[in-house]
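Thanks for coming. I have one structure to go through today, so let me put it on the screen and start.

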Amino acid sequence: MTMKATAAASGTSLPASGDTAHAAGPGLMIAALGVVFGDIGTSPLYAFKETMNPEHGVPFSPDAVLGLLSLIFWGLMFVVTLKYVVFVLRADHDGEGGILALQALARNAVSGPKTRPWVWRGIGVLGLVGAAMFYGDSLITPAISVLSAVEGLEVQAPVLQRVVIPITLAILVGLFMVQKKGTGVVGRIFGPVMLLWFLVLGVAGLWQVLQQPQVLAALDPRRAVGFLVVHRAQSLAVLGAVFLAFTGGEALYADMGHFGARPIRLAWLFIALPGLVLNYFGQGALVLANPAAIDNPFFRLFPSWGVLPMVVLAAMATVIASQAVISGAFSLTAQAMRMGYLPRMRVVQTSGTAIGQIYVPAVNWLLMVGVLLLVLGFRSSGALSAAYGIAVSITMVTTTLLAGIVAWGLWRWNKVAVAVGVAAFAAVDLTFVVSNSLKVAEGGWLTLAVAAGVMVLFTTWAKGRRLGLEAAAADSLPLRPFVESLALNMPHRVSGTAVFLNPDATAVPHALLHNLKHNQVLHEQVIVLRVLSCDTPRVDARLRIEAEQLMDGIWVVTARHGFMERADVPEFIRILAYQKTLAIDSMKTSYFVSRASVGEENLPGMNPVRRVLFGWLQRNAGRASDYFELPDNR
């Protein structure tokens, strides 16, 4: 497997391929703990408590406790361990993971001359739905995680309940304020803190299990089945709460590009999974011995003197979990921009060595406002849990379907085995979708509304941009005849290089026409440059630049980059100069960009509302010069 370096959120350049011999060391495993497992690692703060919520209508009993623990345990084994760790992590797209990378792999699996257009579009929709749902998750995770950690103060002293909301808001505001500084410095402590977190989870749970060893009966899967049979009427509502223990499982695949599959697998199997299982069983053992502890079984695991330190440690762990989701939203936004699903936005590179560390101000502030409103609106982790889960469960369904397409068409696995596996995983995923849909009226509508809004943005921008490019192509002049006409009546040539960015390599850039019309000169070297974003994380260096000389000093160039790479036009020009041995002086190179505005009359087939939305997006899109990293003085 080809080794590639990507930037982990810890601020270190890490090997992308986890299956190489040296890519699974202890350091990499610990780093993965700090980035990959923050979300699922903080689920014990609220997941088991919500399964025992009296509102579900399940009366308290030892059998009910054991049945719920069995559901959590076997869910972790089937959904997270078997599905994600064993199977989905195999879907390595040039070292990258995540829903958009999986979408690209699935499209590769079905591409061919006989591929029906609806299949291609269907795969695209699945990928976009999963990506849109991630934004809903990005709102809920910081709110519910930090709030559930600070609620531990109520266990220390009930009178502190009034300060829970202010402290939560202060932590969240601070978290979003420091995003512009980058995560490099803070990221160095992420791994060790999460290692300590999982160790404390395991030790605290193990102590209670030793006091009540009968809780280990929950390892018997018949306990889970028996609970669902006995409590048929309440099972869907309860499964919605059980699902909270698996939220964050998607991150194992989404962050594969930072560490590779092998370190993530090892960190899960030997650190994260044992810590989580022991803690859940410890909470169950505590509740069996003291049913009153169900008000907050996580913090009740610890003696009174240990509650406050655990609140601090939990707050740190939840900040780490939130940081991973926020950084993921930045990365997903950058990928969506490069793939043509979102307009250009300002992207700030926060590290000189780690390409994956970026900051998107617009997304940061929108997330901050949304998260703060959630905390103020719901005011408790229990209430927020109603809004949590539906987006993640839908994302898991899309992952199952896309991974099945990849296994079927790309890996050429046995078709019967693939069909059975996809059916089994999809049945479980859809069960959780249905169970979480019961909470839509209580708050789940919020994440669905956010995801629907993002989908509208994705599809509106992509369609409007396509129609605009088609309209521009219809009105443009063909490039080759134009260059031939210049040879017959050559204008005055001036020294230097002019780079004209144009989305169509066969058309004359409008900026070139205006330059000739008003200045009546042509640069000594003229480069008509088209920049293409490819449906792959990275582009092979040998395929990055494609250039053809139309006449002396006039070139038409196509530059390609992957959706994990920046559209760095000056770097493309340097590569071109090296490959073609052109004498290009960067200080004598000027870049020309045309800013076209697509009128509503050029958007046939779009309803009036989406036309207005596209116009607003177009007017507020970031500058092309920033997106293509053009120097301000050139």
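Lys49 sits in helix α3, residues 47–51; helices here are DSSP runs of H or I with at least four residues, strands are runs of E with at least two, and both are numbered from the N terminus. Before going on: this is a predicted model, where local features need pLDDT of at least 70 and side-chain atom pairs count only at pLDDT 80 or more, while totals for chains, interfaces and linings use all residues. Residues are numbered from 1 along each chain as its sequence is written, and side-chain values use heavy atoms, with hydrogens and water left out.

Is Lys49 buried or exposed? Lys49 is buried, because its relative accessible area is 14%; buried means under 20%, exposed means over 50%, and partly exposed is in between, with a 1.4 Å probe and protein chains only. Contact means heavy atoms within 4.5 Å. Not counting residues up to four places away in sequence, Lys49 touches Glu151, Ile294, Asp295, Asn296, Pro297 and Ser381.

Compare Leu236, in helix α12, residues 232–242. Leu236 has a relative accessible area of 32%, so it is partly exposed. Leaving aside neighbours within four places in sequence, Leu236 is in contact with Thr431, Val434, Ser435 and Leu438. Gly41 is 195 residues from Leu236 along the chain, and their C-alpha atoms are 24 Å apart.

Helix α1, residues 26–36, is mostly covered, with eight of its eleven residues buried. Among them are Leu28, Met29, Leu33 and Val36.

Now the nonpolar cores. A nonpolar core is a set of buried Ala, Val, Leu, Ile, Met, Phe, Trp, Tyr and Cys residues joined through side-chain atoms within 4.5 Å. The largest one has 171 residues, and the members that touch the most others are Phe37, Trp197 and Phe458. Which helix gives the most to this core? That is α15, residues 261–289, with 16 residues. Phe458, setting aside residues up to four places away in sequence, touches Leu128, Ala131, Ala132, Tyr135, Ala336, Tyr341 and Leu342. There is also a second, separate core of 17 residues, including Phe482, Ala511, Val526 and Ile554.

On to the sheet. It is open and has five strands, in the order β7-β8-β6-β5-β9, with mixed pairing; two strands pair if DSSP finds at least two bridges between them. At the edges are β7 (545–551) and β9 (589–593), each pairing on one side only. From one strand to the next, the twist averages 25°. Axes are lines fitted to C-alpha atoms, for helices over the stretch in contact, and angles run from 0 to 180 degrees between N-to-C directions.

Strand β5, residues 492–501, runs parallel to β9, joined by five bridges. β5 also pairs with β6 in the parallel sense, over eight bridges. Ala498 stands opposite Ser590 in β9 and opposite Val526 in β6. Packed on the sheet is helix α23, residues 479–488, which touches β6 (521–533), β7 and β8 (554–561). The direction of α23 makes about 40° with that of β7.

On a 1 Å grid over the protein atoms alone, a cavity is a set of points where a 1.4 Å probe fits but cannot get out; a pocket is an open set with protein on both sides within 12 Å along at least five of seven lines, and lining residues have an atom within 4 Å of a point. Grid points are joined across faces, edges and corners, and a volume is the space filled by probe spheres set on the points.

How many cavities of 30 Å³ or more are there? The count is two.

Elements giving two or more residues to the lining are α6 (117–150), α18 (361–378), α22 (440–475) and α26 (608–620). The largest share, eight residues, comes from α18.
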